[in-house]
Amino acid sequence: TTNINKNRNDIETYIVKDIFWSPCSKRIGVMYESQITKETARFVHLLAYDFGSCYRLGFITHPHGTYPINITFRNHFNSGALMAICWNNAIISQHHLCFNTNTNNTNRY
C-alpha cells in the first residue's frame, strides 16, 4: 500500500492494481487504486531495478488530471526502456526511461 497526502488532514491509501515490467526487467511501472473508493489512482509509480536493488524513479501524472488505463513497454528497444501510458481521455504518452550509463547492458531485449 501507498499513502498519499491530498491535503494536510486527508490521507488517501492506495493498493497495487497492476505491475508492468519492462522486457529487460530493469524498469517497473505500477498502477494503484484507492483502497476506499476502488478508483484508479491518477498517477503511475516508476521504479528501477539495477544492481540487485530496487529504487524509486518517481511518479508520472497526466496534465489534465486523467487516470491511466494501461501501461506497456516496447520490445527490442536498445536505448533503455520505452514506456507508453494510455490515459482514460484516449491520450497516449511515451516516456524514455534511460539506463545508468556505467552499467554493461549486454542483454538488451
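Trainee: Leaving aside neighbours within four places in sequence, which residues is I85 in contact with?
Mentor: Quite a list: V44, I60, P68, N70, I71, I91, I92, S93 and H95. Keep in mind that this is a predicted model.

Trainee: I71 is in that list. What is the bridge partner of I71 in β7?
Mentor: That's I85. So you meet these two as contacts and again as bridge partners.

Trainee: How do β6 and β7 pair, parallel or antiparallel?
Mentor: Antiparallel, over five bridges, with β7 covering residues 81-87.

Trainee: And what holds paired strands together in general?
Mentor: Strands of a sheet pair through backbone hydrogen bonds.

Trainee: Which strands are in the sheet that has β6 and β7, and in what order?
Mentor: It's an open sheet of three strands, ordered β6-β7-β8, with antiparallel pairing. The edges are β6 and β8 (92-97), each pairing on one side only. On average, neighbouring strands here are turned by 20° against each other, ignoring direction.

Trainee: OK, on to the inside. Which residues touch the most other members of the largest nonpolar core?
Mentor: I71, F73, M83 and I85, out of 14 residues in that core. The elements giving two or more residues to this core are β4 (40-50), β6 and β7.

Trainee: Which of them gives the most?
Mentor: β7, with four residues.

Trainee: What other core lies apart from that one?
Mentor: There's another one of seven residues, and Y14, I28, V30 and F43 are among them.

Trainee: Switching topic: where does T66 sit?
Mentor: In the loop between β5 (53-60) and β6 (68-73).

Trainee: Is T66 buried or exposed there?
Mentor: T66 is buried, because its relative accessible area is 9%, and buried means under 20%.

Trainee: What does T66 touch, not counting residues up to four places away in sequence?
Mentor: R42, W87, N88 and N89.

Trainee: Zooming out, how many helices and strands does the chain have?
Mentor: Zero helices and eight strands. Read along the sequence, the pattern is β-β-β-β-β-β-β-β.

Trainee: And how much of the chain counts as buried?
Mentor: 40% of its 109 residues. The accessible surface comes to about 7,000 Å², and 47% of that belongs to carbon and sulfur atoms.

Trainee: Last one: of the contacts between residues at least 6 apart in sequence, how many join residues at least 24 apart?
Mentor: 31% of them do.

Terms used. Residues numbered from 1 in each chain as written. Predicted model: local features only at pLDDT ≥ 70, side-chain atom pairs only at ≥ 80, totals over all residues. Heavy atoms only, no water. Buried < 20%, exposed > 50% of the residue type's maximum accessible area, 1.4 Å probe, protein only. Contact = heavy atoms within 4.5 Å. Pairing = 2+ DSSP bridges. Axes fitted to C-alpha atoms, helices over the stretch in contact; angles between N-to-C directions. Areas by Shrake-Rupley, 256 points an atom, 1.4 Å probe, with all protein chains shown as cover. Core = buried A, V, L, I, M, F, W, Y, C linked by side-chain atoms within 4.5 Å.
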